[in-house]
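Visitor: I would like a close look at one part of this protein. Please take me through it step by step.

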Amino acid sequence: MAAAVSGPGGLGRRVTGALSGLTRALTHTSAALAADLGSALARAGEAVGELAGRDREPGVLRLRVLILSDERGRPLTSEAKVRPALDRAETVLRAEAGIRTRVLSVDTITEPAPAEALDPHANRRLLLDDVLLGRTAWYHRHLDEYADPDTVGAPVTVIVVRQITGRTTGCSLGVNADWVIVQASLFDRARDHTYDETVLVHELGHALNLPHTRDRENLMFPSSSPPRDVRGTRLQRWQAAVVQSNRHVVPGRPVRG
Ligand SMILES: [Zn+2]
């Protein structure tokens, strides 16, 4: 059952919620596109030099992590368990895209999360849940605590959930959202058939506007099957250029020669 909106209010509240969700998404998306275009135009001529790291310090992607807790208030994972995947993201994005990451915070929300936040849908259904059905309201309540007025350089928040519907273990709404979701089992080293450090950085790739590719060695290859068939972490030059000109990446300062 799609018990989309709980509590009193009925249809009126549902419609109002849907409209405000839609407005938020549209405003957000148009701002994002404008920012990406603006920075792309401003920096088009610098891309090659930046890729080589010659005349600018690396840009910085700022990250936050929110770890949810289950119905009994038990955290789904811990900062120590997530840390290797964050370190992997730093290593991959530094080597392949020439940017750095800065983890601003890793927070555990001890308040029990509702089922739709713990076990969310993926992809298009998650987008519908977000824009029309208000099923991601709980995420937004906690994301809003970090409300960042800046469109350029806004951090990406990684939300650790329990179980995403189907075989998906991570999901991003791309430019539509400043947050991605990843499943807690990715960070449990004791479970080698689910432990996968590449998923977090793959979802960050989507949040930075990267689409999927067909190359298994590439970070944006859609699937990854631990322990034997984990996706690669390479990025091509055009992908690096997309990442560097993304609105989430704070441009590096020019290096004085
Ligand atoms: Zn993907």
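Guide: Start just after helix α3, where Gly98 takes a positive phi of about 70°. Helices here are DSSP runs of H or I with at least four residues, strands are runs of E with at least two, and both are numbered from the N terminus. This is a predicted model, in which local features need pLDDT of at least 70 and side-chain atom pairs count only at pLDDT 80 or more, while totals for chains, interfaces and linings use all residues. Residues are numbered from 1 along each chain as its sequence is written, and side-chain values use heavy atoms, with hydrogens and water left out.

Now step back into α3 itself. The helix covers residues 79-97, which is 19 residues. The expected span of a helix is 1.5 Å times one less than its number of residues.

Next, look at the buried side. Buried means under 20% relative accessible area, exposed means over 50%, and partly exposed lies in between, with a 1.4 Å probe and protein chains only. In α3 the buried residues are Val82, Pro84, Ala85, Leu86, Ala89, Glu90, Val92, Leu93 and Ala97. Contact here means heavy atoms within 4.5 Å.

At 0% relative accessibility, Ser69 counts as buried. Its side chain reaches the backbone oxygen of Ile109 at 2.7 Å. Such a polar contact is a pair of N or O atoms within 3.5 Å; within protein, one must be able to donate a hydrogen and the other to accept it, and residues adjacent in sequence count only if both atoms are side-chain atoms. Leaving out residues up to four places away in sequence, Ser69 touches several others, including Arg74, Leu76, Thr110 and Leu118.

The zinc ion is coordinated by the NE2 atoms of His202, His206 and His212, at 2.0 to 2.1 Å. Donors are N, O and S atoms within 2.8 Å of the metal (3.2 Å for Na, K and Ca); water is not among the atoms, so sites may look incomplete. In sequence, the donor residues are spaced H-x3-H-x5-H. His202 lies in α7 and His212 in the loop between α7 and α8, so the pair ties together parts that are 10 residues apart in sequence. His202 is buried, at 2% relative accessible area. His212 is partly exposed, at 44%.
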